Amino acid sequence: MSKTILITGCSSGLGYDAAHGLKQRGWRVFATCRKEADCARLRGEGLESFPLDYASSESIDAAVAEVLERTGGTLDALYNNGAFALPGAVEDLPREGLREIYETNLFGVHELSCKIIPVMRAQGHGRIINCSSVLGLVPMRWRGAYSSTKFALEGLTDTLRIEMRDTPIHIITVEPGPITSDIRKNSIGPFERHVNWQASPRRAQYEDSLLKRLYTPTEGPDRFELPASAVTKKLIHALESARPKPRYFVTTPTYLMAAARRILPTRLLDWLIAKS
């Protein structure tokens, strides 16, 4: 029988590539999206797809029930991929904006994982892969909201991995750097809802930097940017290796920043990040 995996955030980017890539390798993939319209599109492409919205406990419950009904009560792997960004200077981030991004990027990931762990305990095996980011290792300006959720996810995942050492469940972190995706385009909505940049003391900096990056179409990939398939390649090793690594880095900046965080003094690391 095919191994089964539940993947979140499959409408585009990393989740979309992973869903199709694993299906081609013989996995039975449950490719979930926040919106039913995206699920319908994926079903038209031959994937099993239904809604899962991290921000809704009811949606999480329904998705888990759907998976278990389709598999007869088992699940081999969970890939927590779904997330979004809320760009803006930290001093301009309102509480409701932070609450919204944490509901999806952290609390929903945690709730879904905790509902799947008993299934994996009962069947005697399982793998939970959480998608973090280079921004879970080091911060960057304008990305405080997203970076803080990934820093928190790193801590939660590391602790869970240590606690689950006495079980047959592998807890794994994947840490991409710049990857081709729609995350920048999808961050415009949260930014416009929550950040009053016109009233910010950093208005001129927004106009010179962040607004151009958000609203100006890019000409080709960023420096060091890789396609989503680079993440899928590491995901396959995490899922299929007999001894998966606890952490997988993807892209040159992730390797460099992981090393820099270990060896550089804080002031020098701050300078390096501010210059990038």
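## A lysine and its partner

With a relative accessibility of 31%, K115 counts as partly exposed, because that class lies between buried (under 20% relative accessible area) and exposed (over 50%), judged with a 1.4 Å probe and protein chains only. The model is predicted, so local features need pLDDT of at least 70 and side-chain atom pairs count only at pLDDT 80 or more, while totals for chains, interfaces and linings use all residues. Residues are numbered from 1 along each chain as its sequence is written, and side-chain values use heavy atoms, with hydrogens and water left out.

K115 forms a salt bridge with D61 at 3.1 Å, N to O, the term meaning a side-chain nitrogen of Lys or Arg within 4 Å of a carboxyl oxygen of Asp or Glu. Because K115 belongs to helix α4 (residues 95-123) and D61 to helix α3 (residues 57-71), the pair ties together parts 54 residues apart in sequence; helices here are DSSP runs (H or I, at least four residues), as are strands (E, at least two), numbered from the N terminus. D61 is also partly exposed, at 38%.

## Further salt bridges

By this rule the count comes to 17 salt bridges. In one of them the side chains of R247 and E154 meet at 3.0 Å, N to O, and this pair links strand β6 (residues 247-250) with helix α5 (residues 144-163), the two residues being 93 apart. R247 is partly exposed at 24%, whereas E154 is buried at 7%. Both R247 and E154 belong to a network of salt bridges that also links D158, R161 and E175.
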